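Hi,

Here is the structure I promised to pass on. Have a look at it first, and then read my notes below.

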Amino acid sequence: MHLNSSLPKFVFVELTNICNFDCTFCATRIMKRQKGMMDFNLYRKIVNEAKDIGINNLNLWLMGEPFLYPKIFECIEYAKDKNIGVSLITNGSLFNAHFFQKFFSLDLSNINNMIISYHTPNKETFNLRNSKEIDFNIYCEQISRFIKEKIKHKTSFPLEIRFLINILEFEFAKGIPNSYEKIKDSLHFIGEINSKFKFPTKKEFEYYNKCNDYFRIEIIPDLYLRFEQTHDWNKIFIPQEAKVVPAKRGYCKFPFDTLGVLWNGDCTICCVDFDGEINIGNASDCSLREILESNGIKEIRNNMKKHILSENKCQYCKGMLMNSSRKSAGYYKKLLGAKYKRSELKNELYRLKEYLCNKYRKK
Ligand code: SF4
């Protein structure tokens, strides 16, 4: 039945907020809310209700490592039975023989996208994951094996291998590649998958680095590398000397586009709201339809349309980063101000994306 409210494009269902890594660049390490796993009955309820209101894809995460959830395979199958697609993200640490046997025996046709957060492709940077259970070489082998198994099983879902780059030289991601040479060096494994693949030139990479965004390159059909700048979780990881002056006015499309259901059923409108501060209801107590049609979300959206930031979290997120002398901290200027004026930046970014898309689409 039609929803009397705009339908979010991105629905996150956090099966668990527990993670077996403790990455220095992830908000999991400062998350204050209780850790836990979603009740499987609640998951089924969410899928049924999502179907009822016309949502056709669920991202099975918000925080946490989804493959730690004991019924993850049942979750994929249940969504498939209801004709709902799922997108998955993983750090890849749980890719063992049992996993491969189970995962590739599933009907994977409802997987719309899978992301492996590889991020730290060498020994030095792998230390930033603070993994207690897995050695770097085994980790690499597992990811490499996943890619090979995917190719062997001829699965059609897009797989994105994500890498962080630390051009802004954030302290919390120290060691993450920040130069073309280091990034290129750490990706020599690609040759095993496609010996003809040509890595972007230094000029292309530097061009990209002028723009605070991400891009992805297709290595073979349905297998992509995606590079993205480390981010500060909307001003959570900021330098000690900096502070945020909250903004009262501003605009963000997340409240219109996003619904996040945390493992305990609490709902938010933001995928970076890692502590669930913007609470718009609980999916155990009411339906997704009731939550999306509730006065709480309507008020946030109506205010947003008038460029009023009603939530503290949003005021902070859109606030201004200042240093102790109340001058703009200049923290991001290094990147954005390096070559282009702000007004020119959008055009440059657009031109670069077009160029890279055309170049790599032909392969
Ligand atoms: S905290 Fe608010 S302003 Fe920031 S991304 Fe989330 S919804 Fe948008």
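Let's start with L62, which counts as buried because it has 25 C-beta neighbours inside 10 Å, and the cut-off for buried is 20 or more. Keep in mind that this is a predicted model. You'll find L62 in the loop between β2 and α2. Leaving out neighbours within four places in sequence, L62 is in contact with F12, E14, G260, L262 and C271.

Not counting residues up to four places away in sequence, V13 touches Y43, I46, L58, L60 and V261. As background, nonpolar side chains in soluble globular proteins tend to be buried together.

Now go back to that loop between β2 (57-59) and α2 (72-81), where K71 also lies. Is K71 buried, partly exposed or exposed? K71 counts as partly exposed, because it has 14 C-beta neighbours inside 10 Å. The C-alpha atoms of K71 and M38 are separated by 9.9 Å, and these two residues are 33 apart along the chain.

Next, the big picture. The chain has 14 helices and eleven strands. Of its 363 residues, 32% are buried. If you take the contacts between residues at least 6 apart in sequence, 73% of them join residues at least 24 apart.

Which residues are around the ligand? They are N234, C252, F254, P255, I269, C270, V272, D273, K313, C314, C317 and K318. Two elements give two or more residues to this shell, namely α9 (254-257) and α12 (312-317). α12 gives the most, with three residues. By type, the shell divides into eight nonpolar residues, one polar and three charged.

Most residues other than glycine have a negative phi. K154 is not a glycine, but its phi is positive, at about 50°. K154 sits in the loop between α5 (136-152) and β5 (159-165), and it counts as exposed because it has 7 C-beta neighbours inside 10 Å. H307 is the other one to look at: its phi is near 65°, again a positive value in a residue other than glycine. H307 lies in the loop between α11 (295-305) and α12. Why does H307 count as exposed? The reason is that H307 has 12 C-beta neighbours inside 10 Å, and a residue with 12 or fewer counts as exposed.

The mean pLDDT of the chain is 86, and 84% of the residues reach 70 or more. Over residues 334-340, though, the pLDDT is below 50, and this stretch has twelve contacts in the model beyond near neighbours in sequence. Where pLDDT is low, the predicted coordinates should not be read in detail.

Happy exploring!

Notes. Residues are numbered from 1 along each chain as its sequence is written. This is a predicted model: local features need pLDDT of at least 70, side-chain atom pairs count only at pLDDT 80 or more; totals for chains, interfaces and linings use all residues. A residue is near a molecule or strand if its C-beta atom, placed from the backbone, lies within 6 Å of it. Helices (H or I, at least four residues) and strands (E, at least two) are DSSP runs, numbered from the N terminus. Ala, Val, Leu, Ile, Met, Phe, Trp, Tyr, Cys and Pro count as nonpolar, Asp, Glu, Lys and Arg as charged, and the others, Gly among them, as polar. pLDDT is the predictor's confidence in each residue, from 0 to 100. Two residues are in contact if their C-beta atoms, placed from the backbone, lie within 7 Å.
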